[in-house]
Amino acid sequence: MRNKDAPDFRQIADRREMSPELRRELIECWVTVSNAGGAAGFPFPPVGFDEVASVADQLIAGLDPRRSRFLLAFVDGVLAGWLNVRRDVNPLIAHWGTVHHVQTHTDFRGRGVGAALMHRVRDLAREELGLEQLHLAARGGVGLEGFYGRLGWKEIGRRPGALRLAPGDDRDEILMMLML
């Protein structure tokens, strides 16, 4: 029996699949997460719709079924979270992909949306993209390595002090990997 709170998933692998309404929802989610202090690519809140839109539009323009997809999680028809998974088609590294911008809308935190996204991207990467590994970089100092670790990800390295959030607030960039 399906959990009534479990998210429904949708993939977007082509920019033509991104409706204006869905684009707006994705950007609004990103603004909300970033302004709440989420480690989702914009370290200096507050950010506005237009600032996030320019980055989102670059991601949308780069969508390609073989190289880059959005995985979106919906709860009761509302965008609850999303991520981007990408791979390089260079044959030397085409067997692994990278997960970017993992985020759960603040209205849905604590309901398992982030974990559900990470479980689903594992299946998508293996079954649909034919990947053998996933990689990600997480911001140190906010507990993300614990979250990903509970989901089977392993820390494979750190870049000490690589992320400067403010003068005197340097954080490690934590490199993580999941074998599929």
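Is phenylalanine 147 buried, partly exposed or exposed?

1. Phenylalanine 147 is partly exposed, at 24% relative accessibility. Here buried means under 20% relative accessible area, exposed means over 50%, and partly exposed lies in between (1.4 Å probe, protein chains only). Tyrosine 148, at 6%, counts as buried.

2. A word on the source: this is a predicted model, in which local features need pLDDT of at least 70 and side-chain atom pairs count only at pLDDT 80 or more, while totals for chains, interfaces and linings use all residues. Residues are numbered from 1 along each chain as its sequence is written, and side-chain values use heavy atoms, with hydrogens and water left out.

3. Now look at the aromatic rings. Rings of Phe, Tyr and Trp (its six-membered ring) pair if their centres lie within 6.5 Å; planes under 30 degrees apart are stacked, over 60 edge-to-face, and the rest tilted. The count comes to 5 aromatic pairs. In one of them, the rings of phenylalanine 70 and tryptophan 82 have centres 5.3 Å apart and planes at 80°, so this pair is edge-to-face. Phenylalanine 70 sits in strand E2 (residues 68–75) and tryptophan 82 in strand E3 (residues 78–87), so the pair ties together parts 12 residues apart in sequence. Strands (E, at least two residues) and helices (H or I, at least four) are DSSP runs, numbered from the N terminus. Phenylalanine 70 is buried, at 0% relative accessible area, and tryptophan 82 is buried at 0% too.

4. Phenylalanine 147 and tyrosine 148 also pair: their ring centres are 5.0 Å apart and their planes at 65°, so the pair is edge-to-face. Elsewhere, ring pairs link Trp30, Phe42, Phe70 and Trp82 into a cluster.

5. Among the buried residues of H1 are Leu22, Leu26, Trp30 and Val33. What covers the buried residues of H1 includes strand E1 (8–12), helix H2 (49–61), E2, E3 and E4, where contact means heavy atoms within 4.5 Å.

6. Just after H1, glycine 37 takes a positive phi of about 95°. Do find this residue in your viewer.
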